[in-house]
Amino acid sequence: MLKLSCNVTNHVHTFSFFSDSSLFIPVNRRTIAVSSSQLRKPALDPLRAVISADQGSISPVNSCTPADRFRPGRLMEDGYSYKEKFIVRSYEVGINKTATVETIANLLQEVACNHVQKCGFSTDGFATTLTMRKLHLIWVTARMHIEIYKYPAWSDVVEIETWCQSEGRIGTRRDWILRDSATNEVIGRATSKWVMMNQDTRRLQRVTDEVRDEYLVFCPREPRLAFPEENNSSLKKIPKLEDPAQYSMLELKPRRADLDMNQHVNNVTYIGWVLESIPQEIIDTHELQVITLDYRRECQQDDIVDSLTTSEIPDDPISKLTGTNGSATSSIQGHSESQFLHMLRLSEDGQEINRGRTQWRKKSSR
């Protein structure tokens, strides 16, 4: 029987188990059955190991790439969540010298990718396991929900914690908590749902037990939610926006830079497209507080997209405005909060790509 060497000097990964049965743990591009009775001691973080043919044991690999040396991220003591700090750079802020929502979304994606790399998953895709790579499977975003309570400013340091866990039989979920590193104040939270897709056929596929066993070992044993509140806004369904929309930005085209390593338009690009049809007076006087996006179909490089927006609150002063392409015709200076429904669709045939909801609060003076 294989033995796990536990000669560790850096981070500690502590294991909990469903039962005393064997678990499948991904190790250096292969899967090994390991009995829980053999893993009573802490294992190496990030559980990267090689098999010694002469000794029949698993030995840790203390490889350190240049990226590892410069990346300040770390697994937590329980081994299930990951934290990393980021400084907000000049090219990541908008006209208010605060991070844009696209910057926040990109940081969430970055820390998620760094987490799965720390756990030893593949770097040639987003968290692909050995079985996923054999079957040409990838993860794709089904829903993203972000709440921002305070936008970090230029040169601020943000600490982001993330973890993933199972989400029924058809996918997985990932949550984040954002904190101001200087004060430890929670400045934002986010959650997301992911489903599995065949990279060749572009069809969704159920998560198999084999794939589930490969990643569940890195997930909390008990559910942990960034939004534990009952009936929180991350759970709200988004109705379809019907024509005619109050605001629109038509014929948006993906750039080559908008494509990700999975060969489709990156999910952060959709956020920018949604915001393109927000009335300019909202942009001038309000800041985005909550955004929820449901991803309904892929968008490819040659697609042309329309962005549609309508106020969700009937008596909202913004609902009395008329205009297209983000233009407004009356003032809303005195209104403190606004809420909108959004839809991205293909210009050619009207197929729905994405539907969303945003909530906006009055900008505070800094």
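How many helices and strands does the secondary structure of the protein chain come to? The count is six helices and 18 strands, where helices (H or I, at least four residues) and strands (E, at least two) are DSSP runs, numbered from the N terminus. This is a predicted model, so to speak of local features pLDDT must be at least 70, and side-chain atom pairs count only at pLDDT 80 or more, while totals for chains, interfaces and linings use all residues. Residues are numbered from 1 along each chain as its sequence is written, and side-chain values use heavy atoms, with hydrogens and water left out.

**The chain overall**
- Of the 366 residues, 51% count as buried, meaning under 20% relative accessible area, with exposed over 50% and partly exposed in between (1.4 Å probe, protein chains only).
- Take the contacts (heavy atoms within 4.5 Å) between residues at least 6 apart in sequence: 72% of them join residues at least 24 apart.

**Strand β15 and its partners**
- Strand β15 covers residues 286-295, and nine of its 10 residues are buried, so the rest of the structure largely encloses it.
- On pairing, two strands qualify if DSSP finds at least two bridges between them.
- β15 runs antiparallel to strand β9 (residues 137-148), joined by five bridges; here Arg143 sits opposite Asp294 of β15.
- With strand β18 (residues 352-362), β15 pairs over nine bridges, again in the antiparallel sense, and Ile291 has Thr358 in β18 as its bridge partner.
- As a general point, side chains in a regular strand alternate between the two faces of the sheet.

**Helices α2 and α5**
- Helix α2 (residues 101-118) packs on helix α5 (residues 267-276) at about 165 degrees, with the axes 9 Å apart; axes are lines fitted to C-alpha atoms, for helices over the stretch in contact, and angles run from 0 to 180 degrees between N-to-C directions.
- That makes α2 and α5 roughly antiparallel to each other, the word for angles over 145 degrees.
- From α2, Val101, Glu102, Ala105, Asn106 and Gln109 meet Asn267, Val268, Ile271, Gly272 and Leu275 from α5.
- The residues of this α2 contact with α5 split into five nonpolar, four polar and one charged (Ala, Val, Leu, Ile, Met, Phe, Trp, Tyr, Cys and Pro are nonpolar, Asp, Glu, Lys and Arg charged, and the others, Gly among them, polar).

**Glu251**
- Glu251 lies in strand β14 (residues 247-252) and, at 57% relative accessibility, counts as exposed.
- Leaving aside neighbours within four places in sequence, Glu251 touches Ile304, Val305, Asp306 and Ser347.
- Glu251 and Leu346 are 95 residues apart in sequence but 8.6 Å apart in space, C-alpha to C-alpha.

Methods. Parallel < 35°, antiparallel > 145°, perpendicular 65-115°, else oblique.
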